[in-house]
Amino acid sequence: MKSIKVGIAGLGTVGSGTVNVLKRNAGEIARRVGQPIEIAHIGARRENPACDITGIRVSRDVFEVANDPDVDILVELIGGTDVARELVLTAIGNGKHIVTANKALIAEHGNEIFQAAQEHGVDVAFEASVAGGIPILKALGEGLAANHINWVAGIINGTGNYILTEMEQGARGFDEVLAEAQALGYAEADPTFDVEGVDAAHKLTILASVAFGIPLQFSKVYMEGISRITIEDVNSAAQFGYRIKHLGIAKDTGSGIELRVHPTLIPQEVMLAGVNGVMNAVMIDGDAVGPTLYYGAGAGAEPTASAVVADIIELGRELTVDHHERVPYLGFHADQMSDEPVLTIEDISCGYYLRLHVQDKAGVLADVTRILSDNNISIEAMVQKEVDEGLVPIVILTHRVREGDMNEALKRIAALDTVDNDIMRIRVETLDA
């Protein structure tokens, strides 16, 4: 029986995991596909002792894999965007199907890559680009295809979730927990992509496209990190019955799509609030099915390899199917993509948590509440705490309001002589609790 030949570019953590899963489960995979999957060629700058590649052709130049006429499916696992984009487009030009775990590549260059793939009659599969081993794109694009998706909200970066979990459970500050995460290998030496929301924004871009049938629009995602979150915020949120999570949120409002990544207060009873440590989870609300939750490992060698190999299996099954009869890349046919606009952050609406420090003087609180009222902002709850170094900490929860109105109110409040202008604002989402 003729085998399907796979070329793997990149032999790092995910690459070695992919090799191990393909070899260990070769018999079961062949039964699922209907023919064997063979690793025919690996492109890597160096070997990885975490996997055995004896008997497999190895090249130090990954483009040799893309140009190998024996390779049917190129698996791109080198990361980054520039070389990866060139590699993938080269392979597509050579008539090869693509599997990738590269969220930045898909989020930033996916529209171009899909167009090229369409022109050459090949497929691009990228399940592993979002939430590691959780088959979330398959669920959105196929399992929930009968639904109009109302919203998607997810913990899609394990590093940020680990930090917030440890801050809450260990009563420690951000800097201390970040240093621990780096020591444990959960955070990079430069943690910007993780803690400032860039990694999650790449993943949210992909989730939103599959959920709503819109083009990939990474540049329109609002991003805000977790580095300003304090123990005071974590404790105050708990007093109000909330936990702070770094969420990626995509909503179809009817007048536009919200795409935003930021710290968020969510009720403690919501399933997503119970996701701790480095784990990932995504909630999806569909008009027919209601809210559903998908939970699992968002990173790691074999959890991510699980998604990579699943894509290889799917492409292997489809090699004999006409290109136009396969499942579309983003779940919607290219000529049926929506042009619904992405809203700016000023146009979203939600509740807000505000923490501010004011002078211990009569009338200060009245000034603050008057400004909120002037901007159509109603208060749900408010706590005034004990004086700290001459200033009174005040924590306010508001009802839903347009962000532009909140921005104007905070600008006026910060301008008061009696208010410290370092005001903390965290958005609140009930997620239909």
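**Legends to close-up views of a predicted model**

**View 1. Overall fold of the protein chain.** The protein chain contains 14 helices and 17 strands, where helices (H or I, at least four residues) and strands (E, at least two) are DSSP runs numbered from the N terminus. This is a predicted model, in which local features need pLDDT of at least 70, side-chain atom pairs count only at pLDDT 80 or more, and totals for chains, interfaces and linings use all residues. Residues are numbered from 1 along each chain as its sequence is written, and side-chain values use heavy atoms, with hydrogens and water left out. The C-alpha trace spans about 85 × 45 × 35 Å along its principal axes. Of the 433 residues, 55% are buried (under 20% relative accessible area, with exposed over 50% and partly exposed in between; 1.4 Å probe, protein chains only). Among contacts (heavy atoms within 4.5 Å) with a separation of 6 or more, 73% link residues 24 or more positions apart.

View 2. An unreviewed UniProt entry lists residues 353-424 as "domain: ACT"; UniProt positions follow the numbering used here, feature names are shortened, and annotations may be inferred rather than shown by experiment. Over residues 353-424 the chain is 32% helix and 33% strand. The end C-alpha atoms of this segment are 8 Å apart.

View 3. Helix 14 comprises the twelve residues 403-414. The expected span, 1.5 Å times one less than the number of residues, is 16 Å, and the end C-alpha atoms are 16 Å apart, which agrees. Its buried residues are E403, G404, M406, A409, L410 and I413. An α-helix has 3.6 residues a turn, so residues three or four places apart point the same way. The buried residues of helix 14 pack against strand 13 (349-359), helix 13 (364-374), strand 15 (391-398), strand 16 (401-402) and strand 17 (424-428).

**View 4. Strand 17 and its two faces.** Five of the five residues of strand 17 are buried, so the strand is largely enclosed by the rest of the structure. M424, I426 and V428 lie on one side, R425 and R427 on the other, and both faces are covered.

**View 5. Strand pairing around strand 17.** Two strands pair if DSSP finds at least two bridges between them. Strand 10 (residues 257-267) runs parallel to strand 17 and is joined to it by two bridges, with L265 opposite V428. Strand 13 pairs with strand 17 in the antiparallel sense over five bridges; here Y353 stands opposite I426.
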